[in-house]
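Welcome! Please take a moment with the sequence and the 3D view before reading on.

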Amino acid sequence: MKRTVILLFVATIALFSFAQNHEVDPEVARAILEELDAKHASYKAMKVDFELTLDNRQKNTKDTHKGHLDVMDNKFHLVILNSETFSNGKDIYTYSRDNNEVTISSIDEEEQATMSPLKILSAWHEGYKLRYLGDAEIDGVFCTEIDLYPEERMSPIVRIRITLDQKTHALRKILQQTKDGMLATYSIVKLTPQNNISDDVFSFNKEKYPNVEVVDLR
């Protein structure tokens with residue numbers, strides 16, 4: 001998995017057609033997202049099971065993959081597709097099962113400030129216009145939907161749709177549409193707050209991967 005894709009999910013965690021053609025007061029959407037921010041900021045750590053659906057409309061392909069994310073502060077461990085990514089907050093270790101290869105790279109200061117997946121939705125504070133779409137029944141659950149549109153015209157992202165549980169405002173889905181016709185939907189299967197997660201979870205242990213090839217780009 002490319003580094004840019006990993007960082008997009010981790011730092012944004014993470015995201016069709018218009019539900020309405022008229023604008024609704026963006027302050028309604030802003031208040032809901034601020035509540036979601038506060039909820040995530042209250043977690044010391046968390047474990048997330050999710051499903052990633054990739055819908056490539058140009059190639060007419062659609063695939064769904066299970067994934068898992070452990071996160072604490074600016075450290076994380078992400079498992080998706082045939083890739084495992086470990087970050088101790090300073091370096092990123094990206095392991096490919098297909099090649100039995102791990103690539104190590106440093107996180108620069110700018111990345112480090114935004115790496116925590118606990119801030120997955122904080123990007124909306126700047127650079128996005130908000131649209132509150134209201135409530136809808138999705139998969140038998142009443143949900144609230146909010147669309148985000150980048151103000152930067154050159155952004156590769158066309159739109160991000162955030163779906164939350166209507167009653168609890170818990171995050172259920174993030175759907176992201178890019179200019180190349182790709183739809184990526186992250187569906188939260190289970191999100192469990194934690195008081196602490198061992199540092200071993202965020203560290204790549206070479207002994208657990210026999211004969212692994214190491215590519216150190218630091």
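Residues are numbered from 1 along each chain as its sequence is written, and side-chain values use heavy atoms, leaving out hydrogens and water.

**Confidence**

Let us begin with pLDDT, the predictor's confidence in each residue, from 0 to 100. Its mean over the protein chain is 80, and 81% of the residues reach 70 or more. Helices (H or I, at least four residues) and strands (E, at least two) are DSSP runs, numbered from the N terminus. Helix α1 (residues 3-11) has the lowest confidence, with a mean of 48, whereas strand β12 (residues 213-216) has the highest, at 95.

Two stretches call for care. Residues 11-23 stay under 50 in pLDDT, and the model gives them 48 contacts (heavy atoms within 4.5 Å) beyond four places in sequence. Residues 116-120 are also below 50, with 25 contacts beyond near neighbours in sequence. Where pLDDT is low, the predicted coordinates should not be read in detail.

Two strands pair if DSSP finds at least two bridges between them.

| Strand | Partner | Bridges | Direction |
|---|---|---|---|
| β1 (residues 45-56) | β2 (residues 61-72) | 12 bridges | antiparallel |
| β1 | β11 (residues 182-194) | 12 bridges | antiparallel |

The hairpin of β1 and β2 has 4 residues between the strands, and Asn60 there takes a positive phi near 55°. On the other pairing, Leu52 stands opposite Tyr186 in β11.

**Thr53**

Thr53 lies in strand β1, and its bridge partner in β2 is Thr64. The side chains of these two, Thr53 and Thr64, are joined by a polar contact of 3.0 Å. Such a contact is a pair of N or O atoms within 3.5 Å; within protein, one must be able to donate a hydrogen and the other to accept it, and residues adjacent in sequence count only if both atoms are side-chain atoms. Beyond four places in sequence, Thr53 touches residues including Lys62, Leu183 and Thr185.

Is Thr53 buried or exposed? Thr53 counts as buried because its relative accessibility is 17%, the cut-offs being under 20% for buried, over 50% for exposed and in between for partly exposed (1.4 Å probe, protein chains only).

**Glu101**

Glu101 is in strand β6 (residues 101-106) and, with 23% relative accessibility, counts as partly exposed. Among the residues touching Glu101 beyond four places in sequence are Tyr95, Val212 and Glu213.
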